[in-house]
Each structure stands twice: as structure tokens, then as C-alpha cells.
Amino acid sequence: MPADHPYPELQRAISGWSYQPDPALLRGRTILVTGAGDGIGSCAARTFAWYGANLILLGRTHAKLERVFDWISANTATDPVIVPCDLEAADRAAFDQLFEQTIDHYGKLDGLLHNAGLLGPRVPLAHYDSDSWRRLMQVHVNAAFDLSAALMPALEAATDAPVLFTSSTVGRQGRAYWGAYAVSKFAVEGLAQVMADETSKSSIRVATINPGATRTAMRAAAYPGEDPGTLATPEQRMAAYLYFMGPEGKTLPSPTRLDARDFDPDAAGAGSSQPAGSSG
Ligand code: NAP
């Protein structure tokens with residue numbers, strides 16, 4: 001890392017990691033991140049670019065994507081593109097078009113992070129409205145399925161193609177009042193398992209990741225009384241994301257359940273470390 005670091009939050013985070021990534025870890029990779037405009041997705045996009053990847057920034061709010069694009073352009077020598085896309089409205093045809101555009105521009109795709117998410121109501125099932133239920137299922141499950149399926153030919157053609165799905169503590173152990181958020185994350189775990197089994201003989205490798213309680217707008221909405229200063233920053237969560245996206249991730253079984261809290265590369269080969277926590 002250069003001394004005059006333009007990304008001090010990441011530099012501070014790295015100093016606390018046991019995993020020290022090669023500065024050229026992701027050089028030349030093309031990685032698509034959904035929900036790249038804010039929170040963990042914005043941080044992952046900037047971090048992947050910092051380590052050399054060309055980023056396809058998919059998200060809903062154009063102005064937020066532009067800010068991430070501008071940061072990457074100003075601070076790295078990579079080639080990002082913006083893909084404005086509301087995952088509630090997008091269908092397979094839109095993702096087929098994205099596949100064509102990706103191949104036209106980069107000639108390949110060798111990384112996919114399904115990160116976009118929304119919280120939904122925090123109420124008992126009997127009070128959970130059907131529209132919210134369907135929205136969460138659409139964004140977390142249906143869109144992730146359609147996007148993965150449309151991009152599969154590009155991923156299969158890559159030398160190494162990590163596909164990372166974002167899960168949650170409540171997607172691995174159900175909890176009251178988490179409704180479609182929890183159930184959709186269970187479905188994401190299932191989607192990852194099916195994909196991993198189907199692609200076990202290909203270049204595609206699959207994992208789910210639980211970021212754990214992380215300082216973002218979603219977390220603040222879920223726990224309004226909590227002091228955000230007590231939470232890890234998205235940058236502090238990036239060790240596990242980088243490890244999986246880079247060549248070292250090939251040592252992990254597919255699928256792997258990752259936990260971004262206290263990520264230990266020496267233990268990562270065992271599949272996951274999953275300390276108890278209160279995060280969504
Ligand atoms: P966040 O700050 O609310 O960011 C979510 C991102 O997803 C935003 O960029 C948002 O776009 C995008 N998004 C939402 N709906 C979308 C749609 N219909 N189409 C396209 N993009 C959409 O949340 P976060 O905390 O970073 O969460 C990121 C992931 O981590 C989620 O999958 C979440 O479930 C998971 N997670 C988070 C925590 C935590 O403590 N933060 C814990 C466990 C799991 P806009 O910017 O346009 O709103």
C-alpha cells in the first residue's frame with residue numbers, strides 16, 4: 001500500500017486483519033457487484049477495484065453509482081462501468097442483455113457478488129404484508145437466480161469464477177420478526193448449494209457470506225437505538241470478501257459458508273467460522 005493512502009478506512013481495516021492480501025490480488029479480473037451504490041456493496045466495489053479488478057457496478061440509484069464510479073476512476077487504474085438496474089423490475093431479458101454488454105466490453109466475467117438487499121418490515125408473520133414479502137423474495141432470490149443464470153456462460157468460460165451470495169445470521173438460523181428477510185436468505189443459501197453442486201466440475205466456485213453486524217443504512221434501520229460507532233465498518237469486513245474473490249479462494253470447498261466477522265484465512269479452508277451474533 002502506498003504511504004499517502006487515498007482510502008484510509010481500508011488501510012486502517014487492513015492493519016487489523018490476519019489476512020494480508022497481495023496488492024495485485026484481483027488485477028485484471030472483471031467482477032460484477034449488485035447493490036454497488038451504498039453500504040457493503042459500495043465498499044466491496046471500491047475495495048475490489050483497489051486490488052485491481054474492473055468493476056461492473058449494478059444498482060438502483062444512479063447518483064450513488066456515479067459516486068462509486070468517480071472514486072474508482074480517481075483512485076485506481078481500472079475500468080469500471082455503471083449498470084443502473086432495479087432488481088425488483090429486471091427480468092431475464094435485461095440480464096441477457098447485460099451478458100452481451102459484458103462480453104462486448106470486457107470479453108469475460110470472472111467474479112460475481114450478489115449483495116443488493118433490503119430489510120423489509122420487522123413484524124410477526126401474521127402482520128407481514130404480501131407485497132413486502134414478494135419484494136424481498138424478488139430482490140434476494142429471484143433476481144439473484146435470473147442474474148446468475150444469464151451470466152453462467154461467461155462464468156463457465158472464465159479460468160476461475162467466484163460467485164458470492166450475501167446471506168445473514170438470520171438466513172442460517174431463523175428468528176422472530178425477520179420474516180421474508182430471513183426466509184429469502186435461507187433461499188439464497190439453497191440457491192448457492194444447488195449452483196455449487198451443478199458447477200463442481202467447472203471453473204465456477206460458490207460461497208455464501210454473512211457480513212455480520214456492519215455499519216450501514218440497513219443496519220441502522222434494523223436497530224435504530226444502536227450506536228453505529230460500536231459496529232464494524234464495511235471495510236473491516238472485506239478480508240473474507242477479498243480472500244474468496246482472489247486465487248486463494250480456490251482452496252475453499254464449493255460451496256463454503258463464510259463469516260466476515262473475525263475472518264481467519266488459516267481456518268477458512270475448514271469452510272466457515274460462525275460465531276454467535278445479533279446481526280441481521
Ligand atoms: P444497504 O446499505 O441498505 O445497501 C443495500 C444496497 O442494495 C443499496 O445500494 C441498495 O440500492 C441496493 N438495493 C436495494 N434494493 C435494490 C433493488 N431493487 N435493485 C438494485 N439494488 C437494490 O445494506 P447493507 O447493509 O450494505 O447490506 C448489503 C447486504 O448485506 C444485503 O444483502 C444485506 O442483507 C446483507 N447484510 C447486511 C448486514 C448489516 O449489518 N449491514 C448484516 C447481514 C447481512 P440503493 O442505494 O438504491 O438503495
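**A guided tour of the fold**

Of the 280 residues of the protein, 49% count as buried. The model on display is a predicted one.

Begin with the whole chain in view. Nine helices and seven strands make up the protein. Its radius of gyration is 17 Å, close to the 19 Å that the globule rule gives for 280 residues, so the protein is as compact as a globular protein of that length. Along the principal axes, the C-alpha atoms fill a box of roughly 50 × 40 × 40 Å. Among the contacts with a separation of 6 or more, 69% are accounted for by residues 24 or more positions apart.

Next, select the strands. In which order do the seven strands form the open sheet? The order is β3-β2-β1-β4-β5-β6-β7, and the pairing is parallel. Colour residues 81-84 and 256-259 to see the edge strands, β3 and β7, each of which pairs on one side only. Neighbouring strands of this sheet are turned against each other by 20° on average, direction ignored.

To inspect one bridge, select Gly59 together with its partner in β3, Pro84.

Methods. Residues numbered from 1 in each chain as written. Predicted model: local features only at pLDDT ≥ 70, side-chain atom pairs only at ≥ 80, totals over all residues. Helix = DSSP H or I, 4+ residues; strand = E, 2+ residues; numbered from the N terminus. Rg over C-alpha atoms; globule rule 2.2 N^0.38 Å. Buried ≥ 20, exposed ≤ 12 C-beta atoms within 10 Å, placed from the backbone. Contact = placed C-beta atoms within 7 Å. Pairing = 2+ DSSP bridges. Axes fitted to C-alpha atoms, helices over the stretch in contact; angles between N-to-C directions.
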